[in-house]
Amino acid sequence: MSGGVDSAVAAARAADAGHDVTGVHLALSMNPASYRTGARGCCTLEDARDARRAADVIGIPFYVWDMAQRFHDDVVRDFVDEYARGNTPNPCLRCNEKIKFAAVLDRAVALGFDAVCTGHHARLTRPASSAGPESAGPRLARSVDQAKDQSYVLAVLTSDQLSRAMFPLGGSTKDEVRHEAAARGLAVADKPDSNDVCFIADGDTRKFLRGQLGAAPGQILDEAGAAVGSHDGSYGFTIGQRRGLRIGHPAPDGRPRYVLDIEPASGTVTVGPAESLDVTEIEAERPVWTGCPPPAAPVDCLVQLRAHGTAHPATAWLDGAGLRIRLHEPARGVARGQAAVLYDADTVLGSATITGTDRAAASAWSSPA
Amino acid sequence: MKYPGNASGRRSAAENAVYLDHAATTPMLPEALAAMTEELGQLGNPSSLHNQGRRARRVVEESREQIAEAYGARPSEVVFTSGGTEADNLAVKGLFWARHDAEPEFRRVLAASAEHHAVLDSVKWLAEHEGAEACWLPVDATGTVSPATAREFIERDPGSVALVSVMWANNEVGSVQPVAELAAVAREYEIPFHSDAVQAAGQLPVSLAGSGATALTVTGHKIGGPVGAGALLLCRGADPVPILHGGGQERDVRSGTLDAPAIRAFATAVEISRMRRDDEAKRLAALRDDLIARVLAAVPDAVLNGSLPGPDRLPGNAHFSFPGCEGDALLMLLDAKGIACSTGSACTAGVAQPSHVLLAMGTDDARARGSLRFSLGHSSTQQDVDALGAAIGEAVQRARRATGR
C-alpha cells in the first residue's frame, strides 16, 4: 500500500472478497526525507501515514516492510547503470520484476501468504482448463481504462510471478476507483496520481544522474559527423529527445533535431531530423512469455515500445535467445533499455528488453558500440 | 453502494486476546475507569476560586497526597504533567537550564546510553542547541549502569556536571538499575540526579525519599491509570526552568489547567497498584519465569536479553533475541494469531530500527533486529503464557524461512 488511492481500493476489494488481507507499505528510501515529498510521489512519511490510515479504515492489519537496500541495489543502481550505458530504463518495471513480485512476494510466501495484491491497472484472466499445461497460468491483459493501463510495466513478470499476483482494479476506470474510495471513506480518494520517478525528489532526472555519475563532457554531432554542440554527460539523453539539447546553431534546414543515438564509450550524442528516428526493426533480449508458450513461428501482434506509448502492428519471432520484431509501419522514439511488450489485442503475450533498432533511413543497426 | 468497514466483523483489536505488551500500556483498572468517568461529568477548574473550582481542587489535592504517599514524597513534591515524556523533558532540560544558568561551568549531562528516547533525545537536543555536553554512561551486557562507572565519569571533572539521569528500570529489557547507589554518588558531588521510573512504578517499591533522587518520572497508563496523566516527583529546593509557561499551576514549574478526571484516575491506580504490588510482583514473576521456560523449550537457541530473573529484573518483563529472525516478521505472525507483543522501540515511519538499548548492551545488529519483548501486567493470565508457548515455535520457523535461513 503506497499511500495512494489505487492500492487502498485494491486492498479493500480483496478484503471484501473474503481474503485474509494484510496491508504492507514498502519503505524504499535509505533516507526517508530524501525522496520526493508532498502528495505526488511515494515513500514519504506522509505516504506511510496515508497507507496506515487506509488500512485502519478498511480494517486490516498494516506493516511497513523495509525494502530500501533491495530497492537501491536492484532498481536505483540499475537505473543509473543503464543510463551510463546509453540506455533508457523503466524503473517501475524493474521494481515490479525485482521488488514487488520478487523480494516482497518471496517474503510473503515464506511468512504464509498466498499472493501479492496490488493496485495496478491491469487484468489477470484465467484461460479455460482445456488449454495445454504450458498455458495453464493466468494471462495478463490491459485495464479497461486504456489511459491508466499498467500492463506494460507488469509484462516482465513470469507465469510463476503472475500466478501469485492479484490486480483487483483491472476491470475499473480510475474515476470509478476514486468514487469507490470516497464511498468507502478513504481519505486518499482525491490524492493526486504519482507520475515521475519516485526516487528522484525534484523530478530532475538529468541532475540526479549527474550527481550519481559525475560530469562526463562529450560532443553532439549531426548525422554527417559535424560537431553541433556539447554536453556534460551522455546519460542525460534519451533517443527521440528534442528538448534540452542546447545546440547553439540551428540546423541548416531550420528543422528541429532529435537525439538519434547515444554512444556512452565516446560520449558522443548524434542528432538529426525526425524522419531519421524511424525504426522498422527491433532486436530485444531476455524475452519473457506470460501465460503462453514461446511462439514457434513468427507471430503477428501489437507491440508497445514505452509506457503509455501506442501499440504498433508488428511481426515478432524468436532469434536465438533473443527476439526480433518487424514493425509494419515505422515507429519513432524507440530507446534501448525500454521494454518491447507484445500484445494479442489487449492480452499480453510477452516482453523483451530492446537492445538495438534498425532505422529505415540508416544503413546500419543502432546498438551500443 | 455500501462498503463494509471495521464494524463488519473483520479482525479487531479486541480479538488480540493474548496481550503481552503491558510495558507499552496496560488496561485501565476498573476502579480508575469508574473514578475518571464520574469525574468527567463534574464541572470546575482547580484554579478557580468559586465553589466548583474548590471542589475540583480538592479532587486534585487529595490525588496529589495519595500519589505522594505511595511514592515517598511530600505532596508539594508532586508536579503533575501530561505523562512520562513531559516529565522527562522537564527534569532533563529544566534542571540543566537551572544549573547552567546558575553556573555556566555546569554543562555536562551524564545519562545512560540505554535511556528511553524521552531522556535520550532531550539530552541530545541540549547538546545540539543549548551548549550541553552529552556524556553517555555505558551499560553492561545486561543493560545496567554501575555506580563505579557513574563515579568515574563524574570525577573526570566534577565541577562541570549539570545533571545525572539514569532510569529506574529499562523499558525494553527490564533491567533494574542500582538507583539508590547512583543517586548517592551524585549526591556526594551535589549533582542533581533524575531517574525515569515509568516502568518500575507499578512493579517495584519506588520512592523519592528512599532513593535519594532529586527527581523521578512516573506516569499513569503503565499502572492501570489513564494515558495523559503523569508526574515529576521533584524534591523541594529543586527548581527546574519551566518548559510550559502560563498560569504556573504546578509550583510555577509547570503550567496548564490541571486535568482533574485523569489525575483522580491516576491516583486511584497508584493507590491500588501500591496495595497489590508485592503480591502482584510475585504472581507476575512466576508467570514470566514460566513464559521464559516455554519460549526456550520451543526455541532452544533463543537468547534471553537483560538481567537474570530475580531482583535485578522487572517481574513482568521477558525479552528475547531469536537468531535468524526479523523481529517485525515475528511480531506480524504472532499478531495474526492474536498474540500482541513488541519489538521494543517503535518508529514513526514504522521501519524497524535495531534497538539502541540492545546495541548499547553490545548486541550485534542482526541479533538486535531479531528481538521481541513480552511484557506482563495486571490482566495477564496463565492462558496468555500457554498461548504464546503454543505459537512461538512455528512463528519462529516461518520467520526464519522469510529471511532465507
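## Chain A: overall build

Chain A has eight helices and 17 strands in this predicted model. Its C-alpha atoms occupy a box of roughly 65 × 50 × 35 Å, taken along the principal axes. A compact globule of 369 residues would have a radius of gyration near 21 Å, and the 22 Å of chain A agrees with that.

How much of the chain is buried? Of the 369 residues of chain A, 47% count as buried. Contacts tell you about the fold too: among those between residues at least 6 apart in sequence, 65% join residues at least 24 apart.

Start with A:V21, which sits in the loop between helix 1 (5-16) and strand 1 (23-27) of chain A. Is A:V21 buried or exposed? A:V21 counts as buried, because 24 C-beta neighbours lie inside 10 Å and the cut-off for buried is 20 or more. Leaving aside neighbours within four places in sequence, the contacts of A:V21 are A:A11, A:A14, A:A15 and A:I60.

A:R85 belongs to another loop, the one between helix 3 (68-84) and helix 4 (91-110) of chain A. With 16 other C-beta atoms within 10 Å, A:R85 is partly exposed. Here the sequence and the space tell two stories: A:R85 and A:I262 are 177 residues apart in sequence, yet 8.8 Å apart in space, C-alpha to C-alpha.

The phi of A:R286 is near 50 degrees, a positive value in a residue other than glycine. Like A:R85, which is partly exposed, A:R286 counts as partly exposed, with 13 C-beta neighbours inside 10 Å.

## Chain B: overall build

Now for the partner in the model. Chain B contains twelve helices and twelve strands. The radius of gyration of chain B is 22 Å, close to the 22 Å that the globule rule gives for 405 residues, so chain B is as compact as a globular protein of that length. The box filled by the C-alpha atoms of chain B is roughly 60 × 55 × 50 Å along the principal axes.

Of the 405 residues of chain B, 52% count as buried. What share of the contacts in chain B with a separation of 6 or more comes from residues 24 or more positions apart? Such residues account for 74% of those contacts.

## Helix 8 against helix 12

Two helix pairs in chain B share helix 12. In one of them, helix 8 (residues 260-298) of chain B packs with helix 12 (residues 382-402) of chain B at an angle of about 15 degrees, with the axes 8 Å apart. Helix 8 and helix 12 of chain B are therefore roughly parallel to each other, since angles under 35 degrees count that way. Their crossing is right-handed.

From helix 8 of chain B, the contact draws on B:L287, B:D290, B:L291, B:R294, B:V295 and B:A298. Helix 12 of chain B supplies B:Q382, B:V385, B:L388, B:G389, B:I392 and B:G393. Sorted by class, this contact has seven nonpolar, three polar and two charged residues.

## Helix 9 against helix 12

Helix 9 (residues 327-336) of chain B also packs with helix 12 of chain B, at an angle of about 135 degrees and with the axes 9 Å apart. That angle makes helix 9 of chain B oblique to helix 12 of chain B. This crossing is right-handed.

Which residues meet here? In helix 9 of chain B they are B:A329, B:L330, B:L333 and B:L334. Facing them in helix 12 of chain B are B:A391, B:A395, B:V396, B:R398, B:A399 and B:A402. By class, the contact of helix 9 with helix 12 of chain B has nine nonpolar, no polar and one charged residues.

## A loop arginine in chain B

One more residue is worth a click. B:R251 lies in the loop between strand 8 (230-234) and helix 8 of chain B. B:R251 has a positive phi of about 60 degrees although it is not a glycine. B:R251 is partly exposed, with 17 other C-beta atoms within 10 Å.

Key:
Residues numbered from 1 in each chain as written. Chains lettered and ligands numbered in written order. Predicted model: local features only at pLDDT ≥ 70, side-chain atom pairs only at ≥ 80, totals over all residues. Helix = DSSP H or I, 4+ residues; strand = E, 2+ residues; numbered from the N terminus. Rg over C-alpha atoms; globule rule 2.2 N^0.38 Å. Buried ≥ 20, exposed ≤ 12 C-beta atoms within 10 Å, placed from the backbone. Contact = placed C-beta atoms within 7 Å. Axes fitted to C-alpha atoms, helices over the stretch in contact; angles between N-to-C directions. Parallel < 35°, antiparallel > 145°, perpendicular 65-115°, else oblique. Left-handed = near helix turned anticlockwise from the far one by under 90°. Nonpolar A, V, L, I, M, F, W, Y, C, P; charged D, E, K, R; others polar.
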